[in-house]
Amino acid sequence: MTAIDPAAVASAVLGLDRWFETMRGAWPRLGYGGPVVHWWNHCLTYRGTGLDWRYEGITAGYLTLWRRTGDRRWLDKAVRAGNDLVVGQRADGHFINSRFELNPGVGGTPHEAACDVALLLLAKELRGLGLAERPYLEAARRNLEAFWLSRLWHAPSSTLWDAPGVPSFVPNKAATFVEAILLLRELTGDDSLVERYAIPTAERILAMQVRRPGDKLDGAIAQNRFGDRVVTSFFPLYIARCVPALVELAALTGETRFRDGALAAIAFIARVREPDGGLPQVLYPGGRSNRHPRWISGAGDVVRALAVARDLGADVDPAPTVAWLLRGVRPDGRIATAEGFGRIVPWITRRDRASDEIGVVGWCDKAFRALAPLAKPELLNHASAVTAGNTRPLGVAEVVR
Amino acid sequence: MLSERTSDPAPVLPVELRAAIDVVVKHSQAAEGQTAGRVLGQRQLTRALESCVPVTESNSMVIALGAPPDALRSAVASTMPDRIVTMVGSRFDRSLKPFRAPGRVALPTDLPRAEWDAMGYARVAATGVQGLAAILWSMGERVLRRLGRPDLADRCRIAMLRTLVAAHPSLPAAVRVLHYQRVTT
């Protein structure tokens, strides 16, 4: 594996922590806010709190830092993130403003499942410490039962639909759902969740995977399908987000087909990765692609997938993509979102170059989660990262309900 | 304490109306970024605005989102605001109706200019949303998808979204956001 500069990683992690503090707000509820830029569209007018997938990486990252350093203040920040979600959950189980680039609104996918992952990771950690995990576990369970299992799960076909009443399936979103289900099973001991939800969903994901040895797209997973019509767009980032769920499920069930699918997906990602460590935005059949924008901060999820696959013995090196992430670090601590928004559609999007530089919490969380395990504990002097203002982490006992 | 109105989820709007709400925010914000005014109009639109930005009640501005003409006239007469921002439809919008999803909010057209003059207001800014460019890109997307070119179709879709706000206020557009100011003599 190529060497990664530990000082640069630690500096990036501390910088992100500092920057996250500046992105906290109080409208319409306490939490992490800010603008969002994305492939299809941006959300620049609504800049209030978003309870979406940003919480997944923030919570996981802070928990990793806590475990690596034993510094209680990192745990408190993970708890504070969990509190944002618990307080921001509506009576119907949804999290407020969970639609990321489509905010404001509720019912965002995979965002609400990603919130559940955050809550369940926190609950698992707190249980291990003998602390009260119940509010977090119950909030995740409420959302999973009220939304994912009651409204999106189509029992006759054992398929997780992407929208209530719409026969559609999106593998990367379904993978986030699988991660949440596996965590819920771990915390509740309900093994039937695996058989009923996780395995059929993972099977649907594998059914969308291209398996044509020698083809550039071999191992790639199609973006989505409506009914039987598969949308043959292949986004490396979203394919990477399928990998951890497949690997976890393989480890739990011993079924090698899930492991093989994950490794094939990783081989595809390694094949299309560019020499600088970045990845094209999307590939299509026939050798066509739209290269831009190339995610920078969001590539953290690619690093996470590569690391998981390497642990399985895959001959892949996350280092070039780690270096790609680190090149995006900016003086205020954020990591730039992308490179090439201005090149998506020549002439039309040329003025959109500013979007590259915008710091988006829901992209930076992915870099944070990927870099946290790589940072040397002795370089994580938390004191330098704590900022003044209304950012006092809340304790477990301060959960409002 | 937040009111239920504020914490209510925004309805999912068609892209052109969502873009128009963004334009309304831009037109109605004061220099310090605050939006203060009396909001009236169709519930789906007013909720969308109030979910996007905090709106403080004030008589200095009326924000009329697809409001029936009589409601707008009444609000103007009773508050005599300094500024009025309206979201209205156009003849172009009506011509697109066969292509719209059923149940989409129907927007009234603007009051006649003579009526604005009589009320003592002059238009100071206008922005069109979903003009010809966005329509053409949308058509391009459909054609290219059918021709088996998802790569180009995806680019057309992005171009459609990025050109939702028309390049010039005088160009035809389905939705118009108009900004009026009280004329002082």
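The model is predicted, and its overall scores are an ipTM of 0.89 and a pTM of 0.93. Chain A has a mean pLDDT of 94, while chain B averages 90. In chain B, an open sheet of five strands with mixed pairing is described below, and in chain A an open sheet of three strands with antiparallel pairing, together with two helices of chain A, α1(A) and α6(A).

**Confidence**

- In chain A, 95% of the residues reach a pLDDT of 70 or more, but over residues 384-401 of chain A the value stays under 50, and for that stretch the model has 27 contacts beyond four places in sequence.
- In chain B, 93% of the residues score at least 70, whereas residues 1-10 of chain B stay under 50, with 17 contacts beyond four places in sequence in the model.
- Among the elements of chain B, the lowest mean pLDDT, 35, belongs to helix α1 (residues 4-7) of chain B, and the highest, 98, belongs to β4(B).

**The five-stranded sheet of chain B**

- The strands of this open sheet follow the order β2-β4-β5-β7-β6 (chain B), and their pairing is mixed.
- Its edge strands are β2 (38-41) and β6 (121-131) of chain B, each of which pairs on one side only, and the twist from one strand to the next averages 15°.
- β2(B) pairs with strand β4 (residues 61-65) of chain B in the parallel sense, over four bridges, and within this part of the sheet B:G41 has B:L65 of β4(B) as its bridge partner.
- β5(B) and β7(B) run antiparallel and are joined by seven bridges, with B:I84 standing opposite B:Y180 in β7(B).
- β6(B) also meets β7(B) in the antiparallel sense, here over nine bridges, and B:G131 stands opposite B:A173 in β7(B).
- Strand β7 (residues 173-182) of chain B is mostly covered, since seven of its ten residues are buried.
- Helix α3 (residues 43-52) of chain B lies across β2, β4 and β5 (83-89) of chain B, and the helix runs at about 145° to β2(B).

**The three-stranded sheet of chain A**

- This open sheet has the strand order β5-β6-β7 (chain A), with antiparallel pairing.
- Because β5 (168-169) and β7 (229-231) of chain A stand at the edges with a single partner strand each, one side of each is left without a neighbour in the sheet.
- Two bridges link β5(A) to strand β6 (residues 224-226) of chain A in the antiparallel sense, and A:F169 stands opposite A:R225 in β6(A).

- α6(A) is mostly covered, with 14 of its 18 residues buried, and just after the helix A:G189 takes a positive phi of about 75°.
- A:E179 has its place in helix α6 of chain A, and this residue counts as buried because it has 24 C-beta neighbours inside 10 Å, where the cut-off for burial is 20 or more.
- Leaving aside residues up to four places away in sequence, A:E179 touches A:V117, A:P244, A:A245 and A:E248.
- A:E179 and A:D116 are 63 residues apart along the chain, yet their C-alpha atoms are separated by 9.1 Å.

**Helix α1 of chain A**

- Helix α1 (residues 6-22) of chain A has 17 residues and reaches 25 Å from its first C-alpha to its last, close to the 24 Å expected at 1.5 Å a residue.
- The buried residues of α1(A) include A:V9, A:L14, A:D17, A:W19 and A:F20.
- Among the elements that cover the buried residues of α1(A) are β2 (31-32), α2 (54-69), α12 (319-326) and α14 (361-371) of chain A.

**Contacts between the chains**

- On the side of chain A, 21 residues are in contact with 21 residues of chain B.
- By class, the side of chain A that touches chain B has eleven nonpolar, eight polar and two charged residues.

Definitions and conventions: Residues numbered from 1 in each chain as written. Chains lettered and ligands numbered in written order. Predicted model: local features only at pLDDT ≥ 70, side-chain atom pairs only at ≥ 80, totals over all residues. Pairing = 2+ DSSP bridges. Axes fitted to C-alpha atoms, helices over the stretch in contact; angles between N-to-C directions. Contact = placed C-beta atoms within 7 Å. Buried ≥ 20, exposed ≤ 12 C-beta atoms within 10 Å, placed from the backbone. Nonpolar A, V, L, I, M, F, W, Y, C, P; charged D, E, K, R; others polar. Expected span 1.5 Å × (residues − 1). pLDDT = per-residue confidence, 0-100.
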